[in-house]
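Hello,

Here is the structure we talked about. My notes on helix packing and aromatic contacts follow it.

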Amino acid sequence: MNKPGLYALVWYKGRPALVTGPADRGEKITILAGTDREPETIKVREKDIEVLHPGPFNDLTGLAAQNGQEQNYANLREAWELIENGGEPVDIQELAELAYGEFTPKSAWSARLLLADGLFFTGTASAISARSAAELSALEEKRQDRAKENSEREAFLERLRNGACNPAEDGRFLQDVEALAYGKTDKSRTMKELGRHETPQEAHRLFLECGFWNNRVNPYPRRCGLSPGENFFLEKTPAPQMTLERRDLTHFPAFAIDSPWSSDPDDALSLENDRGRHILYVHIADPASVIESGSPGDHHARAMGATLYLPEGTWPMLGEETLRRFALGLGKTPNEALTFKMILNSGGAIEDTEIFPSIIKVTRLSYEEADKLIEEAGEAPLTAEEIKNAAVLRELHRAAAVNLERRLNAGAVTITLPEVHISADGGAVQILPIVPHRSADMVRECMLLAGEGAAAWAAKRRLPFPYIAQETGDLPAKPLPGLAGSVQLRRCMRPRSVSAKTGYHWGLGLDGYSQVTSPLRRYTDLLAHQQIRAFLCKEKGISAPLNEEEVLFCLAEGDAAAQAVTQAERASRSHWTAVYLDELIAGGGELLWDAVVTEKRTNALGIIIPGLGLETQIGGSGSPNDMIKVRLKSVRIPELETNFVQEK
């Protein structure tokens, strides 16, 4: 069988073929290759085929689908033993006769399939060797395991098709779906086998259908590339090059005013009156005193970008030990801070800024508590200390109001939209409106003053710094009033830019601005503090700040990470809002809501539902700022879709 004759059965690329023409001068022969569709006549080189049977043979029907192991397993095992015991290779004819008792085109093809299968034999059609007993045993065990795995997988797929799964047993089969649901891949064998779209949303839907996830699993932080970070080791004392003497300001009342659910307060306010001029002190937590640029803590914070605030919990940018040490007012002992001291003129503008490390004694207040002191609206008479604190807070409030007027006169844009606080920490999902507070506006203005003062301080010293700017937007000639106007103005806002050079911030109405008031929560603020401290140390000849190129590098990494945090927070809030509404439907709760029309479009209305802090669109009629009633009809959690209709 060295030279294939006409109508010999040959093996060609795993398919049966017949030789239908002799070799031409190019040493090619013509074959008719069998397929599972129609045979095709082609020319091939003799080296590309294996002769299985000399023929004559003219019927390829059925050979392509034939399985060499369809024969009696005992006969195959006996053939293997004979060849293995003989110790010498055999050809395809001998194997066919030993395994199937005859040498025919059909048995020759089956024998070649046995060789291709590789369980009992290895080699080529002209030199077939039996595997050793150890090899055969190992392969059989492996195939049995594979058969069991395939059987279990088929049962698993059938459970999924029926909308069920066993989380304890099926987790290993669902790993590819989970990776897809978390956005780690865009492929999933399981989803493909089920005939479903390979998208994160569809994977999420499958998990909800089969019970592998409940509706409270929030995939968005991981989908945005975030995961809980491990706390890093924090030095107990500053490195020698970081040490600066702290100024004792414990004699000044310092107020840390925040939401009642805040667990990481990082700013406090003091005010001094110097012959009619306000001197504002904004005290900021001072983690930069131990977290040096390039340190493990710095790399950790830069990779995180910002603290991730979720309805179900918080992933801090810095370790818990850092928060315990530097958050302001958590304990009764004085706090270490970096103080921004700003002398304000009668128009609220900053005449001079001084920055220095300090020791302060902090009083924590909620916005509601601060408002009561400002307004003297408490039910019980104020104590002597409260009277003193109230006087300072009222003066702070007046200074903040002057600053707001100054910014508005400079072209600042104010946007007021309803906000809600969403919590989903173990119990029922709660969505509570955030009540506007005078003290919240006061704190905002003081923080803006600190950012403005820091930017001017750094620019004066030509210090590379994380400045924030915003280009001028195109405002409408006649902005709408109310909520509709706020939505209209928001659409005009340009994206902010972060760079190492100062620039105009249109939305705030400030010639220069930097965020410096949240170094426990935002990496860019921590970077600003590191640069300030390094500059102060440089003046003492013990350190040096980063240069502009280094600042830009840190800014690029930190800001990219912070944007992922923002995306995760927004998507997570939408997720928990959808969960809240879905559970309302399931529990038979009230599905009617007050809404405000913000925009009239061609075929829809843009609306805000203040009680949910939710913006969406519906079909219906109305004009901007109209109050309407809307009814919840359906929720699709994986798509973050909520469907409301106007109530007539």
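**Helix packing and aromatic contacts**

In this predicted model, helix H2 (residues 92-100) packs on helix H3 (residues 105-117) at an angle of about 100°, and their axes are 8 Å apart. Because angles of 65 to 115 degrees count as roughly perpendicular, H2 is roughly perpendicular to H3. From H2, the residues Ile92, Leu95, Ala96, Ala99 and Tyr100 meet Ser107, Ala108, Ser110, Ala111, Arg112 and Leu114 of H3. Sorted by class, this contact holds eight nonpolar, two polar and one charged residues.

Helix H3 also takes part in an aromatic pair. The count for the model is nine aromatic pairs. One of them joins Trp11 and Trp109, which are tilted, with 5.1 Å between centres and 35° between the planes. Trp11 belongs to strand E1 (residues 9-12) and Trp109 to helix H3, so the pair ties together parts that are 98 residues apart in sequence. Trp11 and Trp109 are both buried. The charged end of Arg112 sits over the ring of Trp11, 3.9 Å from its centre.

Phe207 and Phe212 form another tilted pair, at 4.8 Å centre to centre and 45° between the planes. Phe207 and Phe212 are buried. Together with Tyr182 and Trp213, they form one aromatic cluster. Over the ring of Tyr182 sits the charged end of Arg222, 5.6 Å from the ring centre.

Elsewhere, helix H10 (residues 296-304) packs against helix H17 (residues 548-587) at about 50°, with the axes 6 Å apart. That makes H10 oblique to H17. Arg302, Ala303 and Met304 are the H10 residues in the contact, and the H17 side includes Phe553, Glu557 and Val565.

Regards

How values were computed:
Residues are numbered from 1 along each chain as its sequence is written. This is a predicted model: local features need pLDDT of at least 70, side-chain atom pairs count only at pLDDT 80 or more; totals for chains, interfaces and linings use all residues. Side-chain values use heavy atoms; hydrogens and water are left out. Axes are lines fitted to C-alpha atoms, for helices over the stretch in contact, and angles run from 0 to 180 degrees between N-to-C directions. Helices (H or I, at least four residues) and strands (E, at least two) are DSSP runs, numbered from the N terminus. Angles under 35 degrees count as roughly parallel, over 145 as roughly antiparallel, 65 to 115 as roughly perpendicular and the rest as oblique. Contact means heavy atoms within 4.5 Å. Ala, Val, Leu, Ile, Met, Phe, Trp, Tyr, Cys and Pro count as nonpolar, Asp, Glu, Lys and Arg as charged, and the others, Gly among them, as polar. Rings of Phe, Tyr and Trp (its six-membered ring) pair if their centres lie within 6.5 Å; planes under 30 degrees apart count as stacked, over 60 as edge-to-face and the rest as tilted. Buried means under 20% relative accessible area, exposed over 50%, partly exposed in between (1.4 Å probe, protein chains only). A charge sits over a ring if NZ of Lys or CZ of Arg is within 6 Å of the ring centre and within 35 degrees of the ring normal.
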